[in-house]
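Have the viewer open as you read.

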Amino acid sequence: MKIGIDLDGVVIDSETTFRTYEEIFDIDTVKGNNLINREEPKFQARYNWTEEQKQEFIEKYFLTVSKESNIMSGFIGVYNLLKKQGHEFVVITARGGFVKEMKDDAIRLLEENNIIFDKYYWKIDDKLEVCKNENVDIMIDDDWRIIKKLADNNIKTLYFRDTDLVKLEENKYIKEVNNWGDIYRFIRKESE
């Protein structure tokens, strides 16, 4: 099976770290409660910050978040099992788009943990195009908008949904997962 995989919020626990620093920035720098939609995965839609404030957040915290983030709990064990079973992994990520050094930091973290994927696509805005071109069997992502777009175009997805994020109705193209054990169970069942 060819598995498309996002990094942030799926392989790297950066999304929870981002949310922590978003709150710090909103309280200490913006000096208020500007949270407008807790269900949104990206800070641009979670807060009603100005464009200048968004840019300040990127410059102030993106590298900090990247350096403080770790590999998701359970990922290494499941990844190694799936690789032994012959599954192929294609990284499809936006990482490196806002801050180039975040790509380098992800590579460092993956190398430190002996994780080598089969193929990498960095700074990707349109994951649908890559999924189609790569002919992925399933894509794992944590952004509901990406999941919905892929599912609407008949690509099977695993929606790695964090606690507060938008809930999507499951169907033959969308399955919600919350940890790497869920992902392992699903992929094993699909590949039988």
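Contact here means heavy atoms within 4.5 Å. This is a predicted model, where local features need pLDDT of at least 70 and side-chain atom pairs count only at pLDDT 80 or more, while totals for chains, interfaces and linings use all residues. Residues are numbered from 1 along each chain as its sequence is written, and side-chain values use heavy atoms, with hydrogens and water left out.

**The nonpolar interior**

A nonpolar core is a set of buried Ala, Val, Leu, Ile, Met, Phe, Trp, Tyr and Cys residues joined through side-chain atoms within 4.5 Å. Buried stands for under 20% relative accessible area, exposed for over 50%, and partly exposed for anything in between (1.4 Å probe, protein chains only). In soluble globular proteins, nonpolar side chains tend to be buried together.

The largest core holds 30 residues, and those touching the most other members are Ile-5, Val-11, Phe-75, Phe-117 and Trp-180. At least two of its residues come from each of β1 (2-5), α4 (75-84), β2 (88-92), α5 (101-112), β4 (138-141), β5 (157-160) and α8 (180-190). Helix α8 gives the largest share, five residues. These element names follow DSSP runs numbered from the N terminus: helices (H or I) have at least four residues and strands (E) at least two. A second, separate core has 14 residues, among them Phe-18, Ile-58, Val-65 and Met-102.

Which residues does Trp-180 contact, leaving aside neighbours within four places in sequence? They are Ile-5, Val-10, Met-72, Ser-73, Gly-74, Phe-75, Val-78, Ile-140 and Phe-160.

Val-91, in strand β2, counts as buried at 0% relative accessibility. Not counting residues up to four places away in sequence, Val-91 touches Ile-5, Leu-7, Phe-117, Lys-119, Tyr-120 and Tyr-121. Val-91 and Asp-118 lie 27 residues apart in sequence, and their C-alpha atoms are 8.0 Å apart. Lys-83 belongs to helix α4 and is partly exposed at 27% relative accessible area. Beyond residues up to four places away in sequence, Lys-83 touches Phe-89 and Asp-118.

Helix α6 (residues 127-134) has Lys-127, Leu-128, Val-130, Cys-131 and Glu-134 as its buried residues. Down the helix axis they fall within an arc of 165 degrees, so they line one face of α6; the arc is that of the directions from the helix axis to the C-beta atoms. Among what covers these residues are β1, β2, β3 (119-121), β4 and α7 (144-152). After α6 comes Asn-135, with a positive phi near 55 degrees.

Asp-6, in the loop between β1 and α1 (14-29), is buried at 5% relative accessibility. Asp-141, in strand β4, is buried at 0%. Asp-6 and Asp-141 also touch each other.

The polar contacts below are pairs of N or O atoms within 3.5 Å; within protein, one must be able to donate a hydrogen and the other to accept it, and residues adjacent in sequence count only if both atoms are side-chain atoms.

| From | To | Distance |
|---|---|---|
| Asp-6 side chain | Lys-127 side chain | 3.1 Å |
| Asp-141 side chain | Lys-127 side chain | 2.7 Å |
| Asp-141 side chain | Asp-143 backbone nitrogen | 3.0 Å |
| Asp-126 side-chain oxygen | Leu-128 backbone nitrogen | within 3.1 Å |

**Loops with positive phi**

Lys-123, in the loop between β3 and α6, has a positive phi near 55 degrees although not a glycine. Asn-154 sits in the loop between α7 and β5, with phi near 65 degrees. Is Asn-154 buried or exposed? At 53% relative accessible area, Asn-154 is exposed.

At least two lining residues come from each of α1, α2 (43-46), α6 and α7.
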